[in-house]
Amino acid sequence: NPTTLLITLPAAVAEEKLRENTKQLAQELYTQTGVLSVRSADDPLGDFPPDRPMSLLSSDAWKRRALQTHRIAQNYFFSESPPYLNRLVRLDIVIEGDPFGIEAAEKVKLLDEWVLAKTKTDDSAWSGAQTLLTGTTPSIIDLRSVTLSDSRRIKVAVVVAVFLALWLVIRRVSLCSYLIATVLLSYYATLGLTIAFYRYAYGDDYVGLDWKLPLFLFVILVAVGQDYNVYLVTRIIEEQRERGWLSALRRAVARTGGIITACGLVMAATFFSMTASAWLPALNHFIGIGSEEHVTSLRGIVELGFALGLGVLIDTFYVRTILVPSFVAVLDRVRNGPRLPTLPDDSDNELAVAGPPR
């Protein structure tokens, strides 16, 4: 998986000069970090770095001489198309390391910066040229860059959209902001626990989570988490029209707690079912209804299902059960100050204010 470098000069030059400049550039590329070999018109196979002598008795040397004059090999590195004749040059660069790895990506980035610097130097033979890097590693770099930028835009858009929707329903900025904060806390806690779990589960084979997981987890978890928060908070607001905030909170939690918990368990079980390919074959074999054949699973789907299920459980049993009611209680105390001790009222099973202690 070599990295291909395409250089397009602003204007055509003499063919011999272009070949000489290309040969010089190929030799300079060998001085860059991580470059193992450079395939060019002068060395089509990349077998002869500058420090390797070309002996007359070497079979590789004879192959190099034959390819240097072969039409197909030369057309591979120089364009015959009229718009790019004596302007376009191709070089294939073999980078040390796994072309899918982070280290190779860093080396390709450094290589790109070095080539761009040469095009911006006035006394360089490649001054003003346009450069492009193609191949597996540059594609991964571009994919990561686009994914990160799109993820940032999507996350901002989701947060803003959800905040506006909450404000239209609740009409309390502080409470809407807190609900957003709780869901973000749930997301980052889930992501951290998922990373820790799979780092332990995969051991030395762990290379990171699937690149789609953080984005999908954020969008789905924010939507599902805010649904549960809206169920609870809107019920609190409805009850608050007839009674105080704390009394409304107690009634809302009592009346909606079971429904939200059941919904959360159903949703979490649905998401966890996405992980079945990782553990169900082993379970079937253990109880004697399956074979010993290894079943291949999609690691990205398994990781996403685990993360979504875990996130829904955190949101159901921690955010909705503890964080949101606690904030409403604290908000009521800040607004109205500390309350007197209360006793149950048998008439409507609510708390009525008792007399001062003796």
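The paragraphs below walk through a sheet, the helices and loops around it, and some aromatic side chains of this predicted model.

The model is predicted, and local features need pLDDT of at least 70, while side-chain atom pairs count only at pLDDT 80 or more and totals for chains, interfaces and linings use all residues. Residues are numbered from 1 along each chain as its sequence is written, and side-chain values use heavy atoms, with hydrogens and water left out.

Strands of a sheet pair through backbone hydrogen bonds, either parallel or antiparallel. Here, helices (H or I, at least four residues) and strands (E, at least two residues) are DSSP runs numbered from the N terminus, and two strands pair if DSSP finds at least two bridges between them. In this model four strands form an open sheet in the order E2-E3-E1-E4, and their pairing is antiparallel. Strand E2 (35-39) and strand E4 (130-134) stand at the edges with a single partner strand each, so one side of each has no neighbour in the sheet. On average, neighbouring strands are turned by 25° against each other, direction ignored. For such angles, axes are lines fitted to C-alpha atoms, for helices over the stretch in contact, and the angles run from 0 to 180 degrees between N-to-C directions.

The pairings can be followed residue by residue. Strand E3 (residues 88-95) runs antiparallel to E2 and is joined to E2 by four bridges; Ser 37 stands opposite Val 94 in E3. E1 and E4 also run antiparallel, with five bridges between them, and Leu 6 has Leu 132 of E4 as its bridge partner. Burial is described by relative accessible area: buried is under 20%, exposed is over 50%, and partly exposed lies in between (1.4 Å probe, protein chains only).

Helices come next. Helix H1 (residues 15-29) lies across strand E1 (3-8), E2 and E3, and runs at about 20° to E3. Thr 22 belongs to helix H1 and counts as buried because its relative accessibility is 4%. A polar atom of the Thr 22 side chain lies 2.7 Å from the backbone oxygen of Leu 18. With neighbours within four places in sequence left aside, Thr 22 is in contact (heavy atoms within 4.5 Å) with Phe 78, Val 89, Leu 91 and Trp 126. Asp 112 sits in helix H4 (residues 102-119) and, at 29% relative accessibility, is partly exposed.

Gln 32 lies in the loop between H1 and E2 and, with neighbours within four places in sequence left aside, is in contact with Leu 111 and Trp 114. Most residues other than glycine have a negative phi, and most peptide bonds are trans. Asn 86, which is not a glycine, has a positive phi of about 60°; Asn 86 is found in the loop between helix H3 (71-77) and E3 and is partly exposed, with a relative accessible area of 22%. Arg 171 likewise has a positive phi of about 60° and is not a glycine. The loop between helix H5 (136-170) and helix H6 (173-202) holds Arg 171, which is exposed at a relative accessible area of 53%.

Arg 171 lies over the face of Trp 167, 4.8 Å from the ring centre, and Arg 299 lies over the face of Tyr 202, 3.9 Å from the ring centre. Rings of Phe, Tyr and Trp (its six-membered ring) pair if their centres lie within 6.5 Å, with planes under 30 degrees apart counted as stacked, over 60 as edge-to-face and the rest as tilted. This rule gives eleven aromatic pairs. Tyr 187 and Tyr 188 form an edge-to-face pair, 4.8 Å centre to centre with 70° between the planes. Tyr 187 is buried at 1% relative accessibility, whereas Tyr 188 is exposed, with a relative accessible area of 51%. Ring pairs also link Phe 197, Tyr 198, Tyr 202, Tyr 206, Phe 272 and Phe 306 into a cluster.

Notes
A charge sits over a ring if NZ of Lys or CZ of Arg is within 6 Å of the ring centre and within 35 degrees of the ring normal. A polar contact is a pair of N or O atoms within 3.5 Å; within protein, one must be able to donate a hydrogen and the other to accept it, and residues adjacent in sequence count only if both atoms are side-chain atoms.
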